[in-house]
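Take a look at it below.

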Amino acid sequence: MSSNDEGLTERSRVTVFAMFGTVFGYATHHLDERRIGDVAVIGPLTPSVEWPRLWQMARSCGRPAAKETELAQWILIQATRAFVCGSDRIAQFPDQGWKLEPGGKRVSFEVTYANRDHLWTGNLTVDGLSPDQVAERPSLYRA
């Protein structure tokens, strides 16, 4: 686990989804020319929501004694569910620009999890989204 001291601007597959009323983006990042999407990049898109909220959700919904890696797995599986099943999906783009702001948290998995080797979380923006798409949504549940 490490801090993300550098921002990142890229184009890749992006899924936009809602969870507990907050809108998040899930993008992939490639660490080398193989372009296998070995990094999951996930962050809030809803204005005024900061990246630690994602980790608070994982802590609230996960096992009380869960370690950081297990919390990271919970975060990744929620995004994967939105990508694969369409649950609470707002938009999906095969190739979209996005930016991960400096700061955030990086976790490396000991073994590949949900086809990813790393999870990077932070404040995220995705090109081309309207204010309505990223606005907070009513939710029956709170994490």
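Helices (H or I, at least four residues) and strands (E, at least two) are DSSP runs, numbered from the N terminus. This is a predicted model, where local features need pLDDT of at least 70, side-chain atom pairs count only at pLDDT 80 or more, and totals for chains, interfaces and linings use all residues. Residues are numbered from 1 along each chain as its sequence is written, and side-chain values use heavy atoms, with hydrogens and water left out.

Q: What pattern does the protein chain follow along the sequence?
A: Reading along, you get β-β-β-β-α-α-β-β-β-β-α. That's three helices and eight strands.

Q: What makes a set of residues a nonpolar core?
A: They must be buried Ala, Val, Leu, Ile, Met, Phe, Trp, Tyr and Cys residues joined through side-chain atoms within 4.5 Å. Buried means under 20% relative accessible area, exposed over 50%, partly exposed in between (1.4 Å probe, protein chains only). The largest such core here has 21 residues, and Ile42, Trp55, Ile75 and Leu119 touch the most other members. H2 gives the most to this core, with seven residues. Apart from it lies another core of 17 residues, including Phe93.

Q: How many of the residues of the protein chain count as buried?
A: 48% of the 143 do.
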